[in-house]
Amino acid sequence: MEYVLLGLLATIAIILVSAGIKVVPQSETRVIERLGRFHSVLSPGINIIWPFIDKPKMIYTRRVDTIGGRSIVRFTSTSAIDLREQVYDFPSQQVITKDNVTTEINALLYFQIVDPQKAVYEIDNLPNAIEKLTQTSLRNVIGELELDETLTSRDTINSKLQTILDEATNKWGVKVNRVELQDITPPESVRVAMEKQMQAERTRRAEILKAEGEKQSLILRSEGEKESKINQAEAVKQSEILRAEGESKAKILMAQGEAEAIRRITETINSTKTDPASYLLAVKYIETLNQMVSGKDNKTIYIPYEASNLLSSIGSIKEIFNK
């Protein structure tokens, strides 16, 4: 009988010791209540509590199970509080943009419990509260944007949501690290219109590039023609200048030759004491008469009215030759 009693006492002692020793894994914790009131938060490792007096507080956790290709969200209760960063993949929800377009959006939320006591006592069913808060905040943010802004401003939306959720969940002992929008799916009619718009935009850009190419080609061609005409004009100009210089030099040489001839004639005439002017005038008269009678059908010869001057000039030439 004594052995049975000792064995029973030993069994009770083992049960009490086992119930009083709590081993907490790394990155986890437990919230302990003593007789229904908050007592302490257990740290990772071995912890000693009073059996049947101290009890861990139960909290809800969120778990997503895939059954038959469908995702089912389940909430379970546990005493373990995970202090690691967690991610919640929320199902798609319909939101209305500022321009009244109904769009399906699903989001990812990354958060971490930083104060286990607040996470247990400040909110009931923390995962469900975070999910509902994320959904309502997403509707509010998207409702302030038009569809085009929603599709092109993911970073802005993520930043706004992260700020809103972090401020709201701070009193729950939760730190929201970031929010990511996975898919933004407009209605089928809107997608078709957007595809047509994109095709039209591509066509417009192609036409613009083609027009720009033709414009540059015309500009280059006109510049080439301009340069060619300038070069041709420059060549004609240089040619005219050279020809004019040649004619000028020829006239100068001719004038110099005539001047030299006149000088020599004058010297010769002076030696005969004859008037040089009369000689030159007679020569001109003779050249004119030669031109007048050079034609084939010229049968009539016109003698100047002042024929005496002509005869006197010819007489002067005769006197020069006689001397």
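Me: Which residues in helix 3 meet which residues in helix 5?

Reply: The model is predicted, with local features requiring pLDDT of at least 70 and side-chain atom pairs pLDDT 80 or more, while totals for chains, interfaces and linings use all residues. Residues are numbered from 1 along each chain as its sequence is written, and side-chain values use heavy atoms, without hydrogens and water. From helix 3, Leu133, Thr134, Ser137, Leu138, Val141 and Ile142 meet Ile157, Lys160, Leu161, Ile164, Leu165, Ala168 and Thr169 of helix 5, contact being heavy atoms within 4.5 Å. By class, this contact has 9 nonpolar, 3 polar and 1 charged residues.

Me: Why are helix 3 and helix 5 called oblique to each other?

Reply: Helix 3 (residues 126-143) and helix 5 (residues 154-169) pack at about 135°, their axes 10 Å apart. Angles under 35 degrees count as roughly parallel, over 145 as roughly antiparallel, 65 to 115 as roughly perpendicular and the rest as oblique. The two helices are therefore oblique.

Me: What lines the largest cavity, and which classes does the lining have?

Reply: The largest cavity has a volume of about 30 Å³. Its lining (residues with an atom within 4 Å of a point) consists of Phe90, Pro91, Gln93, Ile105, Asn106, Ala107, Thr134, Gln135 and Leu138. Strand 11 (102-113) and helix 3 are the elements giving two or more residues to this lining. By class, the lining has 5 nonpolar, 4 polar and no charged residues.

Conventions: Axes are lines fitted to C-alpha atoms, for helices over the stretch in contact, and angles run from 0 to 180 degrees between N-to-C directions. Helices (H or I, at least four residues) and strands (E, at least two) are DSSP runs, numbered from the N terminus. Ala, Val, Leu, Ile, Met, Phe, Trp, Tyr, Cys and Pro count as nonpolar, Asp, Glu, Lys and Arg as charged, and the others, Gly among them, as polar. On a 1 Å grid over the protein atoms alone, a cavity is a set of points where a 1.4 Å probe fits but cannot get out, and a pocket is an open set with protein on both sides within 12 Å along at least five of seven lines; lining residues have an atom within 4 Å of a point. Grid points are joined across faces, edges and corners, and a volume is the space filled by probe spheres set on the points.
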